[in-house]
Amino acid sequence: MSDSPVLIVGLGNPGPRYAATRHNAGVFVLDELLELATPTAATLSAHKRTNTEIAELAAGRLHPSRRIVLARTRSYMNVSGGAVKALADYFAVTLGDIYAVYDDMDLNLGEVKLRVGGGDHGHNGLRSVSKSLGSKEYNKMAVGIGRPPGRMNPADYVLKPFSKKETQELPIVAADAAEELLRAISG
């Protein structure tokens, strides 16, 4: 078993303007993982060397035998790769122990899909992470946000807040995704 931690990064955009948007679906999952930490919920704090916010969790707080670093970047989604690479380097995390959680328009709200490797499926955040890591062979968790209605520009759609009905479903979506991540880490 590896001594290095598992790194879970919730991809999204920083700041209150984007906090409730579809592009921050990965951050919602990260927030759920923070709540699941025992004996008390974990909080993020600034990690200036990597321009991120992190919570370092000892074995037993979220996983019985693995240390876990939960993180969100302070950079915008499309340039988040540099921060993910900096975190992986700082904590000596191998590609197989990196999990990038992101929004996916090809899945309906409530659907999650975990895969290793593969392309970025047109997602600029994943493209940035893959380029910075120099590999696509890390774990990617897609969190469904559904397709834009009508002829709405996908870039506008991901930056819109979830509807009131969708917002009510988000806690369940985030909990399901968090559980699947923890199962995957357990192998």
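How many bridges join strand 5 to strand 7, and in which direction do the two strands run? In this predicted model, strand 5 (residues 98-104) and strand 7 (residues 139-144) are joined by 6 bridges and run parallel. Within this pairing, Val101 has Met141 of strand 7 opposite to it.

These two strands belong to an open sheet of 7 strands, in which the pairing is mixed and the order is 2-3-4-1-5-7-6. The edges are taken by strand 2 (45-47) and strand 6 (112-116). Each of these has a single partner strand, so one of its sides has no neighbour in the sheet. From one strand to the next, the twist averages 30°.

Helices lie across the strands. Helix 2, made of residues 81-90, lies across strand 1 (6-10), strand 2, strand 3 (52-57), strand 4 (68-73) and strand 5. Its direction is at about 160° to strand 1. Helix 3, made of residues 124-133, lies across strand 5, strand 6 and strand 7, and runs at about 155° to strand 5.

Helix 3 has a set of buried residues: Gly125, Leu126, Ser128, Val129, Ser130 and Leu133. Their cover includes helix 2, strand 5, strand 6 and strand 7. After helix 3 comes Gly134, which has a positive phi, near 75°.

The next contact is between two helices. Two packed helices are described by the angle between their axes and the distance between the axes. For helix 1 (residues 25-36) and helix 5 (residues 164-186), the angle is about 70° and the axes are 8 Å apart. Angles of 65 to 115 degrees count as roughly perpendicular, and helix 1 and helix 5 are therefore roughly perpendicular to each other. Helix 1 contributes Phe28, Val29, Glu32, Leu33 and Leu36 to the contact, while helix 5 contributes Leu170, Ala174, Ala175, Ala177, Ala178, Leu181 and Leu182. Of the residues in this contact, 11 are nonpolar, 1 is charged and none is polar.

Phe28 also has a part in the surroundings of Thr21. Thr21 is placed in the loop between strand 1 and helix 1. Is Thr21 buried or exposed? Its relative accessible area is 1%, and because buried means under 20%, Thr21 counts as buried. Apart from neighbours within four places in sequence, Thr21 is in contact with Phe28, Val158, Leu159, Lys160, Pro161 and Phe162.

Tyr18 is buried, at a relative accessible area of 11%, whereas Tyr76 is partly exposed, at 47%.

Tyr90 and Phe91 form a pair as well, their ring centres being 4.9 Å apart. Why is this pair edge-to-face? The planes are at 80°, and planes over 60 degrees apart count as edge-to-face, so the pair is edge-to-face. Tyr90 has 42% relative accessibility and counts as partly exposed, while Phe91, at 10%, counts as buried.

Key
Residues are numbered from 1 along each chain as its sequence is written. This is a predicted model: local features need pLDDT of at least 70, side-chain atom pairs count only at pLDDT 80 or more; totals for chains, interfaces and linings use all residues. Side-chain values use heavy atoms; hydrogens and water are left out. Two strands pair if DSSP finds at least two bridges between them. Helices (H or I, at least four residues) and strands (E, at least two) are DSSP runs, numbered from the N terminus. Axes are lines fitted to C-alpha atoms, for helices over the stretch in contact, and angles run from 0 to 180 degrees between N-to-C directions. Contact means heavy atoms within 4.5 Å. Angles under 35 degrees count as roughly parallel, over 145 as roughly antiparallel, 65 to 115 as roughly perpendicular and the rest as oblique. Ala, Val, Leu, Ile, Met, Phe, Trp, Tyr, Cys and Pro count as nonpolar, Asp, Glu, Lys and Arg as charged, and the others, Gly among them, as polar. Buried means under 20% relative accessible area, exposed over 50%, partly exposed in between (1.4 Å probe, protein chains only). Rings of Phe, Tyr and Trp (its six-membered ring) pair if their centres lie within 6.5 Å; planes under 30 degrees apart count as stacked, over 60 as edge-to-face and the rest as tilted.
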